[in-house]
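Thanks for coming. Please have the structure open.

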Amino acid sequence: MIGPTGAVRVMVATKPVDFRKGAEGLAALVRETMKADPFDGAIYVFRAKRADRIKLVYWDGTGVCLFAKRLEDGEFRWPKIEDGTMRLSATQFSALLEGLDWRRVQCAKETPAPALSG
């Protein structure tokens, strides 16, 4: 995927939005409904009423980017529809974009390297 890399914050709007909106319209929703700054480097995820569509809006340092995807088969696994937002880990976000059930993804915990004796 062309887009953000590294450790990013991913915020999901849990309520469906009007998918006719473009980058500017979604950035306005980030400000108005999510009470966040669309230029803060986070990825903001939106869903349509149809569960097979997703849009992302994010700032890449030079401009606002819009990413849209429609699954050919199946649906994205969305959180329960309610007012508000939720945060996903980078691993959960990757699973969501692939159409997998992100709720089943467990983030691996880092274990310290064994001490060398000697």
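At 11% relative accessibility, Asp-52 counts as buried, where buried means under 20% relative accessible area, exposed over 50%, and partly exposed in between, with a 1.4 Å probe and protein chains only. Before I go on, the conditions: this is a predicted model, local features need pLDDT of at least 70, side-chain atom pairs count only at pLDDT 80 or more, and totals for chains, interfaces and linings use all residues. Residues are numbered from 1 along each chain as its sequence is written, and side-chain values use heavy atoms, with hydrogens and water left out.

Back to Asp-52. What does Asp-52 form with Arg-50? The two form a salt bridge, with the closest N and O atoms 3.6 Å apart. The term here stands for a side-chain nitrogen of Lys or Arg within 4 Å of a carboxyl oxygen of Asp or Glu. Arg-53 comes in as well: Arg-50, Asp-52 and Arg-53 are linked in a network of salt bridges.

The structure holds five salt bridges. One of them joins Asp-40 and Arg-9, whose closest N and O atoms are 2.6 Å apart. That pair links distant parts of the chain, 31 residues apart: Asp-40 sits in the loop between helix 1 (23-32) and strand 2 (43-47), and Arg-9 in the segment before strand 1 (10-13). Asp-40 is partly exposed at a relative accessible area of 36%, and Arg-9 is partly exposed at 29%.

Arg-20 and Asp-18 also meet through their side chains in a salt bridge, at 2.9 Å from N to O. Arg-20 counts as exposed at 74% relative accessibility, while Asp-18 counts as partly exposed at 31%.

Now the overall layout. The secondary structure comes to two helices and five strands, and along the sequence the pattern reads β-α-β-β-β-β-α. Of the 118 residues in the protein, 36% are buried. A contact means heavy atoms within 4.5 Å. Taking contacts between residues at least 6 apart in sequence, 55% join residues at least 24 apart. The accessible surface is about 7800 Å², and 50% of that belongs to carbon and sulfur atoms; the areas come from the Shrake-Rupley method with a 1.4 Å probe, and for residues only the protein chains shown count as cover.

Next, the interior. In soluble globular proteins, nonpolar side chains tend to be buried together. By nonpolar core I mean a set of buried Ala, Val, Leu, Ile, Met, Phe, Trp, Tyr and Cys residues joined through side-chain atoms within 4.5 Å. The largest such core has 18 residues, and those touching the most other members are Ile-43, Val-45, Ile-54, Leu-56, Trp-78, Phe-93 and Leu-96. Strand 1, strand 2, strand 3 (53-59) and helix 2 (90-97) each supply at least two residues of this core. Which element gives the most to this core? Helix 2 does, with four residues. A second, separate core has 11 residues, including Met-11, Leu-26, Met-34 and Val-57.

Leaving aside neighbours within four places in sequence, Phe-93 is in contact with Val-10, Ile-43, Val-45, Leu-56 and Leu-88.

Gln-92 lies in helix 2. Is Gln-92 buried or exposed? Gln-92 is buried, with a relative accessible area of 18%. A polar atom of the Gln-92 side chain lies 2.9 Å from the backbone nitrogen of Ser-89. Not counting residues up to four places away in sequence, Gln-92 touches Arg-87, Trp-102 and Val-105.

Two aromatic pairs are present. Rings of Phe, Tyr and Trp (its six-membered ring) pair if their centres lie within 6.5 Å; planes under 30 degrees apart count as stacked, over 60 as edge-to-face and the rest as tilted. Phe-39 and Trp-59 form an edge-to-face pair, 5.2 Å centre to centre with 90° between the planes. Phe-39 is in the loop between helix 1 and strand 2, and Trp-59 is in strand 3, so described as a link between distant parts of the chain, 20 residues apart. Phe-39 counts as partly exposed at 39% relative accessibility, and Trp-59 is partly exposed at 29%.

Last, a backbone angle. Most residues other than glycine have a negative phi, and most peptide bonds are trans. Lys-35 is not a glycine, yet has a positive phi of about 55°. Lys-35 is found in the loop between helix 1 and strand 2 and counts as exposed at 69% relative accessibility.

Technical notes. Polar contact = N/O pair within 3.5 Å; in protein donor to acceptor, adjacent residues only side chain to side chain.
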